[in-house]
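Thanks for coming. I will take a few minutes to go through one structure, and the picture goes up now.

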2 protein chains.
Amino acid sequence: MIDYYDISGCYILRPWSYSIWEHIRNYLSKELKKLGIKDGYFPIFVSKSALEREKAHIADFAPEVAWVTHSGGSELAEHIAVRPTSETAMYPAYARWIQSHRDLPYRLNQWNNVVRWEFKQPQPFLRTREFLWQEGHTAFRTIEEADEEVLQILELYAYIYEELLAIPVIKGRKTEKEKFAGADYTTTVEAYVPASGRGIQGATSHHLGQNFSKMFEIVYDDPDTQEKKYVYQNSWGITTRTIGVMILVHGDDRGLVLPPRVADVQAIVVPCGITASSTPEERKALMDSCKQLVDDLVKGGIRAEGDYRDNYSPGWKFNHWELKGVPIRVELGPKDMSRGEVVAVRRVNGDKRTIKREAVATELSALLEQTHTEMFEKAIKERDARLSLVNKWEDFVAALEQKHILLAPFCGDIPCEDRIKGDSAKTDDDPTAEVKGPAMGAKSLCIPFKQPRDLTKEDRCIHPACNNKPKFITLFGRSY
Amino acid sequence: MIDYYDISGCYILRPWSYSIWEHIRNYLSKELKKLGIKDGYFPIFVSKSALEREKAHIADFAPEVAWVTHSGGSELAEHIAVRPTSETAMYPAYARWIQSHRDLPYRLNQWNNVVRWEFKQPQPFLRTREFLWQEGHTAFRTIEEADEEVLQILELYAYIYEELLAIPVIKGRKTEKEKFAGADYTTTVEAYVPASGRGIQGATSHHLGQNFSKMFEIVYDDPDTQEKKYVYQNSWGITTRTIGVMILVHGDDRGLVLPPRVADVQAIVVPCGITASSTPEERKALMDSCKQLVDDLVKGGIRAEGDYRDNYSPGWKFNHWELKGVPIRVELGPKDMSRGEVVAVRRVNGDKRTIKREAVATELSALLEQTHTEMFEKAIKERDARLSLVNKWEDFVAALEQKHILLAPFCGDIPCEDRIKGDSAKTDDDPTAEVKGPAMGAKSLCIPFKQPRDLTKEDRCIHPACNNKPKFITLFGRSY
């Protein structure tokens with residue numbers, strides 16, 4: 001999927017992982033176009049003055065910004081930032097482009113790379129200093145239109161996780177502590193990784209209010225009042241982290257398990273049953289039959305390939321494609337040929353079945369769909385088994401140690417959230433954790449839109465020292 | 001198409017131009033996949049040690065490299081280059097990935113952004129400090145396979161220019177002076193811009209020989225000799241410059257003229273004939289009819305939109321879409337409706353015709369194809385009128401002043417090419433030229449594969465002071 005690179009925090013996306021990103025991109029690109037959102041491209045460089053205009057925004061990003069200071073051998077007159085995100089690159093142009101209410105809504109998206117020079121331990125896909133994403137930036141006349149779009153986009157992100165990657169997500173709003181720097185509010189889709197017991201942010205869709213439009217003077221003439229009004233803005237993005245979440249959620253100890261809808265190879269055909277005593281004619285007949293099978297599968301709408309390499313045994317190939325996570329392996333040998341059958345083996349559970357040769361495309365299509373559903377249901381089951389609704393701090397801490405994510409009443413205050421994180425951190429080192437100490441305390445993941453229950457008068461904020469009224473049930477967990 | 005940006009040499013690609021890039025990308029991506037070339041993604045950053053490994057390569061790129069030296073407030077231990085191209089980023093990985101002859105050919109492509117901090121006057125699309133492109137990097141066992149691919153890719157680039165952008169190109173090889181730094185040879189497609197009389201490089205496909213494989217130790221075990229052998233490599237790329245060439249070649253004094261096959265809007269429907277005395281019912285009937293027309297065109301495979309804005313007159317809209325270069329404007333008014341007709345006006349020549357409503361999708365499809373052909377033929381005609389075969393230096397200089405590009409016998413030597421450039425530069429300043437002085441001398445554009453004539457014993461190199469035998473007929477011209 002990836003390979004290491006000689007710059008820390010940077011990784012190479014090999015075709016096997018990049019193709020998954022392409023599937024996601026193709027889907028989302030089509031959906032965004034349907035919504036009337038167009039693609040453009042802004043420069044990777046941001047001037048210091050533009051970058052620093054929105055104070056809350058730059059305060060958060062400043063420590064991670066990579067600066068270009070030299071070209072060739074000479075120093076630049078003004079140092080230039082590599083975009084960590086493009087609000088500040090784009091909005092000076094929005095201020096020029098948006099003049100009349102007729103220019104609204106203004107909706108633009110770009111597919112690009114961004115750089116965040118983080119100092120935490122890098123992790124392939126999850127925390128990388130450069131990553132690929134799309135970032136949408138939109139402007140509206142009314143807050144209602146903006147609010148509506150925030151959720152429209154979040155639904156698309158949820159669809160990518162659930163319907164393409166077979167990963168269940170919980171939709172909700174970020175707490176004040178965790179929201180995007182410069183946003184009025186942030187919505188998110190949050191997934192769960194059974195192996196580590198941690199939550200993971202999937203993608204976010206922000207409502208920026210008028211925070212940026214005031215700083216960048218993005219105004220239109222209001223036809224009703226003849227006054228200049230500030231626009232309401234959103235920004236939203238999904239990144240190559242998706243691939244990492246997919247690996248973590250579905251992978252097993254034999255390697256990757258690719259969800260069928262994003263697998264670049266959905267079915268791999270492996271010729272079998274050739275022995276030292278096979279004649280050249282027998283070999284040729286088998287290869288021809290395998291190629292015909294691949295053709296039939298491709299015609300039937302399945303992304304199929306054949307592994308015809310003659311220097312590897314079928315057993316070696318089984319392992320190879322298992323490691324790579326191909327959803328279905330199709331075995332075809334002389335005996336299967338004579339019976340008019342093939343053997344299909346599913347990666348997800350090793351389930352093996354014989355299929356009539358003439359029905360193979362139809363049967364495998366159905367099997368791929370079934371596989372998607374089963375993977376999704378398995379992931380739901382695993383998550384729900386570790387999703388606890390707790391009301392008491394002791395239960396919160398105990399369940400956290402059991403690799404649970406936790407729904408708990410919470411007041412929403414930043415200092416209280418800091419205490420929850422600090423006080424739920426394990427003091428004795430967990431040898432399996434790559435992040436030690438207080439960082440392993442519980443963070444808020446989101447305030448789920450679908451609250452698991454109503455709050456009552458008796459409810460208290462989950463932190464024992466907190467005297468505030470809880471405002472909502474919030475999802476907490478160790479996180480990435 | 002673009003907007004300016006507060007960092008010199010960087011521009012914003014607005015959706016109207018980005019969509020052209022998407023058409024090119026979609027086409028090429030599909031074709032590369034057919035050739036078995038897969039997409040991946042390498043980091044934007046290159047370590048100093050990797051960047052500087054191939055000496056000829058770095059000598060050429062060093063002055064233009066942008067360096068990241070700081071993150072947040074602190075200086076990085078090692079300064080990091082922003083890729084000007086990715087040979088040096090990719091080939092250390094190739095050295096790991098390629099071990100056996102069975103790993104060959106190895107063929108990878110990536111779509112990304114690169115940065116070249118040029119100090120020449122920047123020009124939108126043509127000379128920008130960041131641009132988008134694809135770069136393919138491939139490795140072969142034999143030079144023959146590599147040579148074959150160089151041309152295969154060049155054909156795809158020629159197709160993009162000729163069949164998508166309606167721009168004729170001359171295919172050939174670059175001279176020693178103009179070849180890619182680190183390549184054994186560079187092939188190119190070269191276009192001609194009638195308005196400026198200059199040639200322009202369209203895209204290049206390089207054979208790198210074993211220059212990089214020796215520096216990066218990219219070797220495989222040769223099964224015949226049991227020895228380690230260096231691979232033969234190619235690299236090739238096409239950039240967003242394509243859009244600039246398209247604008248220059250086809251634009252006229254009324255704005256853009258988009259070639260139909262890459263126009264995101266091929267036909268714009270404008271409701272006409274509504275007057276102050278029209279009833280609301282008449283307005284509604286017209287709008288409904290226009291929307292139905294757009295639907296029918298879209299169903300017929302035409303990228304069509306309607307301009308339903310009520311605050312602009314039809315005349316204003318005609319100008320607007322003319323400026324934007326939409327190939328066909330379709331006018332529909334109440335009278336046309338009652339006659340069962342529409343009026344189609346072509347951007348390229350103002351040609352106006354009445355079309356039966358029921359045949360509109362078929363007729364417009366044919367008209368779009370015809371438009372492509374006519375634009376291509378016009379561009380050929382304009383180029384050929386200024387493409388001169390010369391044998392004498394006086395004719396060379398005189399034709400250059402007449403905005404010609406020139407085919408001339410040439411010895412191929414770098415010092416001789418330097419002299420040709422210097423001695424053909426105009427000494428009196430051309431007020432229309434943005435590049436003054438010696439830079440306006442003639443550069444070699446390419447050595448055309450299709451030589452216009454055989455060389456004879458009498459031929460001399462075009463530069464009067466040169467005593468070398470000419471090796472080939474070379475295309476020269478002022479350039480971008």
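How many residue pairs are in polar contact across the interface of chain A and chain B? The rule finds 32, counting pairs with both residues at pLDDT 80 or more. A polar contact here is a pair of N or O atoms within 3.5 Å; within protein, one must be able to donate a hydrogen and the other to accept it, and residues adjacent in sequence count only if both atoms are side-chain atoms.

The side of chain A that touches chain B divides into 34 nonpolar, ten polar and 14 charged residues. Nonpolar covers Ala, Val, Leu, Ile, Met, Phe, Trp, Tyr, Cys and Pro; charged covers Asp, Glu, Lys and Arg; the others, Gly among them, are polar.

Some background: this is a predicted model, where local features need pLDDT of at least 70 and side-chain atom pairs count only at pLDDT 80 or more, while totals for chains, interfaces and linings use all residues. Residues are numbered from 1 along each chain as its sequence is written, chains are lettered from A in the order in which they are written, and side-chain values use heavy atoms, with hydrogens and water left out.

Back to the interface. 58 residues of chain A contact 58 residues of chain B, contact meaning heavy atoms within 4.5 Å. Between the two chains there are five salt bridges, each a side-chain nitrogen of Lys or Arg within 4 Å of a carboxyl oxygen of Asp or Glu. One of them joins Asp3(A) and Arg96(B), at 3.3 Å from N to O.
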